[in-house]
Amino acid sequence: MMRRSLLLATLAALPVPALSAQTPARFAARVDAYAKSELTRQQIPGFSLAVMRRGRIVLERGYGMANVEHQVPATPATIYQSGSLGKQFTAAAIMLLVQEGKLSLADSVTGIFPDAPARWGAVTIRHLLTHTSGAGDYPEDFDYRRDQTEDEMTALVLSRPFDFSPGAKWQYSNLGYMLLGAIIHRVSGQFYGDLLHDRIFLPFGLRTARIISEADIVPNRAAGYRMVEGQLKNQEWVSPVVNTTADGSLYLTVRDIARWDSLLYSDDLLTPESLREITTPVVLNSGMTYPYGFGWRVGSANGRRIMAHSGSWQGFKSYFVRYPDDSVSVVIFANVAEADVTTIAQGVAALWDGGLVALDDE
(Lines give C-alpha, C1' and ligand atoms only; values in the text may rest on other atoms or scores of the structure.)
Protein backbone atom coordinates (compact mmCIF):
# COMPACT_ATOMS: atom_id res chain seq x y z
CA MET A 1 0.00 0.00 0.00
CA MET A 2 2.85 2.41 0.83
CA ARG A 3 4.50 1.69 -2.51
CA ARG A 4 1.28 2.35 -4.42
CA SER A 5 0.63 5.56 -2.51
CA LEU A 6 4.11 6.80 -3.35
CA LEU A 7 3.58 5.89 -7.00
CA LEU A 8 0.30 7.80 -7.15
CA ALA A 9 1.89 10.82 -5.49
CA THR A 10 4.75 10.78 -8.01
CA LEU A 11 2.44 10.47 -11.00
CA ALA A 12 0.17 13.19 -9.66
CA ALA A 13 3.06 15.62 -9.92
CA LEU A 14 3.31 15.04 -13.68
CA PRO A 15 1.10 16.84 -16.23
CA VAL A 16 -1.82 14.59 -17.22
CA PRO A 17 -3.28 15.19 -20.68
CA ALA A 18 -6.35 13.32 -21.87
CA LEU A 19 -5.43 9.92 -23.29
CA SER A 20 -6.79 10.84 -26.71
CA ALA A 21 -4.60 13.95 -26.72
CA GLN A 22 -1.44 12.13 -25.70
CA THR A 23 0.94 12.19 -28.65
CA PRO A 24 3.93 9.84 -28.79
CA ALA A 25 6.22 12.76 -28.01
CA ARG A 26 4.10 13.77 -25.04
CA PHE A 27 4.04 10.21 -23.71
CA ALA A 28 7.81 9.93 -24.10
CA ALA A 29 8.36 13.20 -22.25
CA ARG A 30 6.18 12.06 -19.35
CA VAL A 31 7.97 8.70 -19.15
CA ASP A 32 11.35 10.44 -19.21
CA ALA A 33 10.39 12.72 -16.35
CA TYR A 34 8.99 9.86 -14.28
CA ALA A 35 11.87 7.46 -15.02
CA LYS A 36 14.54 10.03 -14.17
CA SER A 37 12.80 10.80 -10.89
CA GLU A 38 12.77 7.08 -10.01
CA LEU A 39 16.42 6.70 -11.02
CA THR A 40 17.30 9.37 -8.48
CA ARG A 41 14.81 8.40 -5.78
CA GLN A 42 15.76 4.72 -5.79
CA GLN A 43 19.50 5.35 -6.39
CA ILE A 44 19.53 2.93 -9.31
CA PRO A 45 22.77 2.96 -11.34
CA GLY A 46 20.89 2.29 -14.57
CA PHE A 47 17.86 0.73 -16.20
CA SER A 48 16.33 0.17 -19.62
CA LEU A 49 12.65 -0.03 -20.45
CA ALA A 50 10.35 -0.50 -23.41
CA VAL A 51 6.63 -0.09 -24.02
CA MET A 52 5.05 -2.27 -26.69
CA ARG A 53 1.73 -2.17 -28.51
CA ARG A 54 0.94 -5.62 -29.86
CA GLY A 55 4.62 -6.50 -29.87
CA ARG A 56 5.79 -3.35 -31.64
CA ILE A 57 7.95 -0.95 -29.66
CA VAL A 58 6.30 2.43 -29.16
CA LEU A 59 8.94 3.66 -26.70
CA GLU A 60 12.38 2.40 -25.70
CA ARG A 61 14.77 4.15 -23.35
CA GLY A 62 17.88 3.73 -21.22
CA TYR A 63 18.61 5.77 -18.09
CA GLY A 64 21.72 6.07 -15.98
CA MET A 65 24.74 3.81 -16.26
CA ALA A 66 25.00 0.22 -17.47
CA ASN A 67 28.53 0.17 -16.04
CA VAL A 68 29.42 2.65 -13.32
CA GLU A 69 33.17 1.97 -13.30
CA HIS A 70 33.53 2.66 -17.02
CA GLN A 71 30.72 5.25 -17.19
CA VAL A 72 28.85 3.37 -19.92
CA PRO A 73 25.28 4.67 -20.39
CA ALA A 74 22.32 2.30 -20.28
CA THR A 75 20.49 2.03 -23.61
CA PRO A 76 17.76 -0.16 -25.12
CA ALA A 77 20.58 -2.39 -26.42
CA THR A 78 22.04 -2.98 -22.93
CA ILE A 79 22.10 -6.65 -21.93
CA TYR A 80 20.91 -7.57 -18.43
CA GLN A 81 20.55 -10.80 -16.48
CA SER A 82 16.95 -11.97 -16.50
CA GLY A 83 16.56 -13.56 -13.10
CA SER A 84 13.29 -15.49 -12.81
CA LEU A 85 11.72 -13.58 -15.69
CA GLY A 86 13.55 -16.25 -17.71
CA LYS A 87 11.23 -18.96 -16.35
CA GLN A 88 8.68 -18.16 -19.06
CA PHE A 89 11.20 -19.30 -21.66
CA THR A 90 11.75 -22.58 -19.81
CA ALA A 91 7.96 -23.05 -19.77
CA ALA A 92 7.81 -22.30 -23.50
CA ALA A 93 10.52 -24.91 -24.19
CA ILE A 94 8.53 -27.50 -22.24
CA MET A 95 5.40 -26.64 -24.23
CA LEU A 96 7.28 -27.07 -27.51
CA LEU A 97 8.11 -30.63 -26.42
CA VAL A 98 4.47 -31.16 -25.41
CA GLN A 99 3.30 -29.90 -28.81
CA GLU A 100 5.63 -32.41 -30.47
CA GLY A 101 4.33 -35.29 -28.37
CA LYS A 102 7.66 -35.79 -26.63
CA LEU A 103 6.21 -34.86 -23.22
CA SER A 104 2.85 -34.69 -21.52
CA LEU A 105 1.94 -32.30 -18.73
CA ALA A 106 0.74 -35.37 -16.83
CA ASP A 107 4.09 -37.18 -17.13
CA SER A 108 5.65 -37.98 -13.77
CA VAL A 109 9.21 -37.20 -12.78
CA THR A 110 9.93 -40.90 -12.21
CA GLY A 111 8.85 -41.58 -15.78
CA ILE A 112 11.73 -39.37 -16.91
CA PHE A 113 14.20 -40.16 -14.11
CA PRO A 114 13.49 -43.83 -13.24
CA ASP A 115 16.08 -43.80 -10.45
CA ALA A 116 14.36 -40.93 -8.60
CA PRO A 117 12.86 -41.75 -5.19
CA ALA A 118 9.38 -43.26 -5.49
CA ARG A 119 7.70 -40.16 -4.00
CA TRP A 120 8.52 -38.29 -7.21
CA GLY A 121 6.02 -40.50 -9.01
CA ALA A 122 3.33 -38.16 -7.69
CA VAL A 123 5.00 -35.07 -9.20
CA THR A 124 4.04 -34.16 -12.75
CA ILE A 125 5.43 -31.72 -15.28
CA ARG A 126 2.41 -29.52 -14.54
CA HIS A 127 3.30 -29.45 -10.83
CA LEU A 128 6.83 -28.28 -11.65
CA LEU A 129 5.64 -25.57 -14.06
CA THR A 130 3.12 -24.17 -11.56
CA HIS A 131 5.28 -24.29 -8.38
CA THR A 132 2.97 -26.84 -6.78
CA SER A 133 5.37 -29.80 -6.63
CA GLY A 134 6.48 -29.29 -3.03
CA ALA A 135 10.13 -29.33 -4.17
CA GLY A 136 10.94 -26.09 -2.35
CA ASP A 137 13.79 -23.70 -2.98
CA TYR A 138 17.55 -23.72 -2.67
CA PRO A 139 18.54 -25.00 0.80
CA GLU A 140 20.22 -22.51 3.11
CA ASP A 141 23.52 -24.40 2.88
CA PHE A 142 23.53 -24.50 -0.94
CA ASP A 143 26.99 -23.58 -2.23
CA TYR A 144 26.47 -21.14 -5.08
CA ARG A 145 30.22 -21.02 -5.70
CA ARG A 146 30.78 -24.74 -6.28
CA ASP A 147 30.69 -25.65 -9.96
CA GLN A 148 28.33 -28.63 -9.89
CA THR A 149 27.35 -30.58 -12.98
CA GLU A 150 23.73 -30.73 -14.15
CA ASP A 151 23.58 -34.36 -12.96
CA GLU A 152 24.79 -33.34 -9.50
CA MET A 153 22.26 -30.54 -9.26
CA THR A 154 19.48 -32.85 -10.44
CA ALA A 155 20.47 -35.39 -7.79
CA LEU A 156 20.33 -32.63 -5.18
CA VAL A 157 16.76 -31.72 -6.15
CA LEU A 158 15.60 -35.35 -6.24
CA SER A 159 17.15 -36.13 -2.86
CA ARG A 160 15.36 -33.40 -0.95
CA PRO A 161 12.16 -34.08 1.04
CA PHE A 162 8.99 -32.36 -0.11
CA ASP A 163 7.76 -29.28 1.72
CA PHE A 164 4.16 -30.47 1.14
CA SER A 165 2.24 -33.05 -0.87
CA PRO A 166 2.31 -32.36 -4.62
CA GLY A 167 -0.62 -30.17 -5.63
CA ALA A 168 -1.60 -29.27 -2.07
CA LYS A 169 -0.47 -25.64 -2.24
CA TRP A 170 1.52 -23.08 -4.20
CA GLN A 171 5.07 -22.27 -3.13
CA TYR A 172 7.69 -20.68 -5.34
CA SER A 173 10.26 -23.28 -6.33
CA ASN A 174 13.47 -22.47 -8.16
CA LEU A 175 14.46 -26.10 -7.70
CA GLY A 176 11.40 -27.17 -9.67
CA TYR A 177 12.47 -25.07 -12.63
CA MET A 178 16.07 -26.24 -12.30
CA LEU A 179 14.65 -29.76 -12.66
CA LEU A 180 12.61 -28.72 -15.71
CA GLY A 181 15.87 -27.75 -17.42
CA ALA A 182 17.26 -31.22 -16.76
CA ILE A 183 14.02 -32.74 -18.08
CA ILE A 184 14.33 -30.72 -21.30
CA HIS A 185 17.88 -32.05 -21.67
CA ARG A 186 16.84 -35.65 -20.98
CA VAL A 187 13.84 -35.60 -23.35
CA SER A 188 15.26 -33.53 -26.23
CA GLY A 189 18.91 -34.52 -26.02
CA GLN A 190 19.87 -30.82 -25.91
CA PHE A 191 20.98 -28.62 -23.05
CA TYR A 192 17.97 -26.38 -22.41
CA GLY A 193 19.93 -23.24 -23.33
CA ASP A 194 20.87 -24.74 -26.69
CA LEU A 195 17.24 -25.68 -27.32
CA LEU A 196 16.16 -22.12 -26.54
CA HIS A 197 18.80 -20.79 -28.93
CA ASP A 198 17.94 -23.19 -31.75
CA ARG A 199 14.16 -23.22 -31.42
CA ILE A 200 13.25 -19.74 -30.13
CA PHE A 201 16.01 -17.15 -30.00
CA LEU A 202 17.65 -17.68 -33.41
CA PRO A 203 14.62 -18.42 -35.63
CA PHE A 204 12.39 -15.73 -34.11
CA GLY A 205 14.84 -12.84 -33.95
CA LEU A 206 15.67 -12.54 -30.25
CA ARG A 207 19.09 -11.48 -31.40
CA THR A 208 20.90 -10.96 -28.11
CA ALA A 209 19.04 -13.47 -25.92
CA ARG A 210 21.33 -16.20 -24.60
CA ILE A 211 22.46 -18.17 -21.58
CA ILE A 212 24.65 -16.33 -19.07
CA SER A 213 28.40 -16.72 -19.52
CA GLU A 214 30.94 -14.83 -17.45
CA ALA A 215 33.74 -16.08 -19.74
CA ASP A 216 32.37 -14.98 -23.12
CA ILE A 217 32.80 -11.52 -24.59
CA VAL A 218 29.25 -10.12 -24.55
CA PRO A 219 28.88 -6.69 -26.18
CA ASN A 220 26.70 -4.21 -24.27
CA ARG A 221 26.63 -6.33 -21.11
CA ALA A 222 25.62 -4.39 -18.00
CA ALA A 223 27.30 -4.81 -14.64
CA GLY A 224 25.18 -5.87 -11.68
CA TYR A 225 25.35 -4.08 -8.33
CA ARG A 226 24.11 -4.23 -4.74
CA MET A 227 24.01 -1.73 -1.91
CA VAL A 228 26.10 -2.55 1.17
CA GLU A 229 25.80 -0.11 4.09
CA GLY A 230 24.84 2.63 1.69
CA GLN A 231 27.68 1.99 -0.75
CA LEU A 232 27.39 0.56 -4.24
CA LYS A 233 29.24 -2.76 -4.65
CA ASN A 234 29.68 -5.19 -7.53
CA GLN A 235 27.50 -8.28 -7.70
CA GLU A 236 28.57 -11.39 -5.83
CA TRP A 237 30.16 -14.20 -7.83
CA VAL A 238 28.48 -17.56 -8.42
CA SER A 239 29.83 -20.60 -10.23
CA PRO A 240 29.47 -20.84 -14.02
CA VAL A 241 27.18 -23.90 -13.97
CA VAL A 242 24.91 -22.44 -11.29
CA ASN A 243 24.55 -19.47 -13.66
CA THR A 244 23.15 -21.65 -16.46
CA THR A 245 20.17 -23.30 -14.75
CA ALA A 246 16.63 -23.13 -16.13
CA ASP A 247 15.22 -21.17 -13.19
CA GLY A 248 16.29 -17.93 -14.85
CA SER A 249 19.86 -17.66 -16.16
CA LEU A 250 19.49 -15.62 -19.33
CA TYR A 251 20.93 -12.49 -20.87
CA LEU A 252 18.19 -10.32 -22.39
CA THR A 253 17.57 -6.82 -23.69
CA VAL A 254 14.27 -4.96 -23.75
CA ARG A 255 14.35 -5.45 -27.53
CA ASP A 256 14.52 -9.22 -27.07
CA ILE A 257 11.46 -9.03 -24.85
CA ALA A 258 9.63 -6.90 -27.41
CA ARG A 259 10.22 -9.60 -30.01
CA TRP A 260 9.08 -12.23 -27.52
CA ASP A 261 5.98 -10.16 -26.79
CA SER A 262 5.09 -10.13 -30.48
CA LEU A 263 5.44 -13.93 -30.63
CA LEU A 264 2.90 -14.30 -27.85
CA TYR A 265 0.29 -12.63 -30.07
CA SER A 266 0.81 -15.25 -32.79
CA ASP A 267 0.75 -19.01 -33.11
CA ASP A 268 4.13 -19.10 -34.86
CA LEU A 269 5.73 -20.69 -31.79
CA LEU A 270 3.05 -21.77 -29.33
CA THR A 271 -0.37 -23.08 -30.29
CA PRO A 272 -3.48 -21.39 -28.88
CA GLU A 273 -3.93 -24.47 -26.68
CA SER A 274 -0.39 -24.12 -25.30
CA LEU A 275 -0.84 -20.41 -24.59
CA ARG A 276 -4.13 -21.15 -22.85
CA GLU A 277 -2.40 -23.68 -20.60
CA ILE A 278 0.40 -21.23 -19.85
CA THR A 279 -1.98 -18.46 -18.83
CA THR A 280 -4.53 -20.50 -16.83
CA PRO A 281 -4.33 -20.24 -13.01
CA VAL A 282 -3.29 -23.52 -11.41
CA VAL A 283 -5.96 -25.64 -9.75
CA LEU A 284 -4.86 -27.06 -6.38
CA ASN A 285 -5.92 -30.42 -4.95
CA SER A 286 -8.58 -28.60 -2.92
CA GLY A 287 -10.21 -27.24 -6.07
CA MET A 288 -9.06 -23.72 -5.24
CA THR A 289 -7.04 -21.81 -7.82
CA TYR A 290 -3.86 -19.80 -7.43
CA PRO A 291 -3.01 -16.91 -9.81
CA TYR A 292 0.02 -18.54 -11.44
CA GLY A 293 0.27 -20.36 -14.76
CA PHE A 294 3.45 -21.72 -16.37
CA GLY A 295 6.24 -19.22 -15.67
CA TRP A 296 3.74 -16.35 -15.42
CA ARG A 297 1.70 -14.73 -12.68
CA VAL A 298 -1.78 -14.30 -14.10
CA GLY A 299 -4.69 -12.22 -12.88
CA SER A 300 -6.82 -9.20 -13.63
CA ALA A 301 -7.40 -5.67 -12.41
CA ASN A 302 -9.99 -3.11 -13.45
CA GLY A 303 -11.54 -5.85 -15.57
CA ARG A 304 -8.37 -6.30 -17.64
CA ARG A 305 -6.28 -9.44 -17.85
CA ILE A 306 -2.66 -9.24 -16.71
CA MET A 307 0.33 -11.53 -17.23
CA ALA A 308 3.52 -10.62 -15.38
CA HIS A 309 6.74 -11.91 -13.92
CA SER A 310 9.72 -10.44 -12.13
CA GLY A 311 13.34 -11.50 -11.78
CA SER A 312 16.10 -10.93 -9.26
CA TRP A 313 19.61 -12.31 -9.55
CA GLN A 314 23.23 -11.22 -9.10
CA GLY A 315 22.52 -7.53 -8.74
CA PHE A 316 19.83 -7.36 -11.43
CA LYS A 317 16.07 -6.84 -11.25
CA SER A 318 13.53 -7.29 -14.02
CA TYR A 319 9.81 -7.02 -14.60
CA PHE A 320 7.67 -7.78 -17.66
CA VAL A 321 3.95 -7.11 -17.62
CA ARG A 322 1.43 -7.72 -20.42
CA TYR A 323 -2.13 -6.48 -20.72
CA PRO A 324 -3.54 -8.78 -23.44
CA ASP A 325 -6.96 -7.10 -23.59
CA ASP A 326 -5.26 -3.75 -24.30
CA SER A 327 -2.40 -5.18 -26.42
CA VAL A 328 0.04 -3.20 -24.25
CA SER A 329 3.19 -4.46 -22.51
CA VAL A 330 5.97 -2.90 -20.42
CA VAL A 331 9.39 -4.39 -19.65
CA ILE A 332 12.16 -3.04 -17.45
CA PHE A 333 15.65 -4.27 -16.55
CA ALA A 334 17.71 -2.61 -13.81
CA ASN A 335 21.20 -3.27 -12.49
CA VAL A 336 20.98 -3.04 -8.72
CA ALA A 337 19.49 -5.65 -6.40
CA GLU A 338 17.42 -3.15 -4.43
CA ALA A 339 15.59 -1.63 -7.42
CA ASP A 340 11.79 -1.66 -7.20
CA VAL A 341 11.16 -2.31 -10.88
CA THR A 342 7.52 -3.33 -10.37
CA THR A 343 6.67 0.20 -9.25
CA ILE A 344 8.44 1.71 -12.26
CA ALA A 345 6.67 -0.64 -14.70
CA GLN A 346 3.35 0.13 -13.04
CA GLY A 347 4.04 3.85 -13.28
CA VAL A 348 4.91 3.68 -16.97
CA ALA A 349 1.80 1.62 -17.71
CA ALA A 350 -0.32 4.16 -15.84
CA LEU A 351 1.19 6.97 -17.90
CA TRP A 352 0.01 5.13 -21.01
CA ASP A 353 -3.45 4.46 -19.54
CA GLY A 354 -4.44 5.21 -15.97
CA GLY A 355 -6.54 2.04 -15.86
CA LEU A 356 -3.51 -0.22 -16.24
CA VAL A 357 -1.80 -1.51 -13.11
CA ALA A 358 0.83 -4.19 -12.51
CA LEU A 359 0.49 -7.34 -10.46
CA ASP A 360 2.27 -7.04 -7.15
CA ASP A 361 4.84 -9.79 -6.64
CA GLU A 362 4.63 -11.92 -3.55
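1. The largest cavity holds about 30 Å³ of space; a cavity is a set of points, on a 1 Å grid over the protein atoms alone, where a 1.4 Å probe fits but cannot get out, and its volume is the space filled by probe spheres set on the points. Its lining consists of Leu 263, Leu 264, Ser 266, Leu 269, Leu 270 and Leu 275, where lining residues have an atom within 4 Å of a point.

2. This is a predicted model, in which local features need pLDDT of at least 70, side-chain atom pairs count only at pLDDT 80 or more, and totals for chains, interfaces and linings use all residues. Residues are numbered from 1 along each chain as its sequence is written, and side-chain values use heavy atoms, with hydrogens and water left out.

3. Seven strands make an open, antiparallel sheet in the order β3-β2-β1-β14-β13-β12-β11. Strands are DSSP runs of E with at least two residues, and helices are runs of H or I with at least four; two strands pair if DSSP finds at least two bridges between them. β3 (72-73) and β11 (297-301) are the edge strands, each with a single partner, so one side of each has no neighbour in the sheet.

4. β11 is joined to antiparallel β12 (residues 304-313) by five bridges. Gly 299 lies opposite Ile 306 of β12.

5. Helix α9 (residues 254-263) lies across β1 (46-53), β2 (56-67), β13 (316-323) and β14 (328-334), at about 20° to β1. Angles run from 0 to 180 degrees between N-to-C directions. Helix α11 (residues 341-352) also packs on the sheet, touching β1, β2, β13 and β14, with contact meaning heavy atoms within 4.5 Å.

Terms used:
1 Å grid on protein atoms, 1.4 Å probe; cavity = no way out; pocket = protein on both sides within 12 Å on 5 of 7 lines; lining within 4 Å.
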